[in-house]
Amino acid sequence: NFSRISTKEKFTNISNFNLFINNNNFIITNSEYNGNNFKIHKKNKHFIFGYCFLENKVIKNTELNNSEYIYIKNNQSKLSGIFVVISIINNQINIIMDPLIQYNIFYYFKNNKLMISNNIFSISRLYNLKENDDRYLFDMISYQSPMRGLTIFKNIYIIQYDDIINNHNTELYKTKLPLRINNLHFQIPNNKIYENLSYEELLDMYILDLKKRANIISKNYKEVHCQLTGGADSRFVASIFMEYDNIYHYCYGDGTRQDRLCFEELVSKYKLKKTDAIYFFGNSLNNSSRIFKGLYDSNCMKYKNLDSYMNSDKFSNFSKCKITGYYGANICSSVAIPIEDTKSSNRTSFIHPKYFTYHNYVNLMHNKYKNLRECAFKDIFYINNRGLSHYSSHTIVDNLKCDSYDILYSPINLELVKKCPYSDMDID
């Protein structure tokens, strides 16, 4: 068991927590809650939200049996997927998150009232929280992603990697999340299990894991659809699936785009199967109703490239799945740190610099991780702040409509980049 249970913190006058679940969402709170389409759970049960690769299968958005729960509990730091497991055993609620803390979970903690949910609007409704957080809005304008654990609503925060792994410094910008309080416990991933392995050992382990995931996917679906462009992520995925016959590659765009030209070259050179039919694409966000639905579905965490998420109820062919490169072969590829001089960017130059208040946070992050090489620091910043191309909100919503997996996601990536023998420039 590579996992750790969080240290119990001292709180007074905190009542016990209850677990409420409907089909797609959960609520954990010690406040009075009337349910409102949610069912309260008191008996021994285990649930997973999102998806997770096990030894011989992938599971998502379902109730777990005991053996599945024990496997996830004992192997948390070795798992791939974007998920959270909620378990209630003898009235104790345990939360197990994916090892890079990328499944979106929100919380509100004030006046001894704590609510945790994967739906930000459930929290805002219960506590009548309607005021927008301007810091979040300006962070989004500058970085195109949320930072500092802030959300669109004041006093509602998102759980970050550092909240769970390090549990410090978060209170500078948001209310600190208690990881063990009364009958509510977070299980902490022990990602240090990779520290003593060499770069070559990590790489061998990573490739072996990828091949296992590819085999699981290929065996369980009639057709596997992979987007293929000139990018490193999609080329890497294509190489992992080369030995299987039920893999179909596709590409957006017409014959004049560079992505399309690379796609045609790769398909021809390696004799890959291709398909012109793109099954995994939602309705275009061409009116205000669909735009607002997209923001609601993604909990206002995903703005960039939201127009391709699966927002259609028409898709029903679960004999097919899609493979995504949401996370990337190396995490920091093409990901930048937020700009310091907001006057230098066309996106921010028209706004007075005083409204961009994230600079101190960036400096604190740099100082906290000053011993890391620059590309490894970018990794940590990326996973803490849902970096520029982060798709976790996207894939969470997609998996309510279809089967969509990123086989590249792995905590091994963090250590791989730290120990990579190539320069930071080569990695980027």
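A: In this predicted model, Val267 counts as buried because its relative accessibility is 9%, and the cut-off for that class is under 20%. The residue belongs to helix α7, which spans residues 258-270. Once neighbours within four places in sequence are set aside, Val267 is in contact with Leu228, Leu272 and Lys274.

Helix α8 covers residues 288-297, and at its start a side-chain oxygen of Asn287 comes to within 3.1 Å of the backbone nitrogen of Ser289. Just after α8, the backbone of Asn299 adopts a positive phi of about 55°.

The description now turns to the sheet. Six strands make up an open sheet with antiparallel pairing, and their order is β4-β2-β3-β10-β9-β11. In general, the strands of a sheet pair through backbone hydrogen bonds, in a parallel or an antiparallel sense.

The pairings can be followed from strand to strand. β2 (residues 18-21) and β3 (residues 26-29) are joined in the antiparallel sense by four bridges, and within this pair Asn18 stands opposite Thr29 of β3. β3 also pairs with β10, again in the antiparallel sense, over three bridges. Here Ile28 faces Ile116 of β10 across the pairing.

Strand β10 runs from residue 113 to residue 117 and is mostly covered, with four of its five residues buried. Its pairing with β9 (residues 106-110) is antiparallel and comprises five bridges. Lys110 and Lys113 are set opposite one another in this pair, the latter in β10. The hairpin of β9 and β10 has two residues between the strands, and in it Asn111 takes a positive phi near 55°.

Taken together, β10 is joined to β3 by three bridges and to β9 by five, while four of its five residues are buried. Val267 in helix α7 likewise counts as buried, at 9% relative accessibility, with Leu228, Leu272 and Lys274 among its contacts.

Methods: Residues numbered from 1 in each chain as written. Predicted model: local features only at pLDDT ≥ 70, side-chain atom pairs only at ≥ 80, totals over all residues. Heavy atoms only, no water. Pairing = 2+ DSSP bridges. Polar contact = N/O pair within 3.5 Å; in protein donor to acceptor, adjacent residues only side chain to side chain. Buried < 20%, exposed > 50% of the residue type's maximum accessible area, 1.4 Å probe, protein only. Contact = heavy atoms within 4.5 Å.
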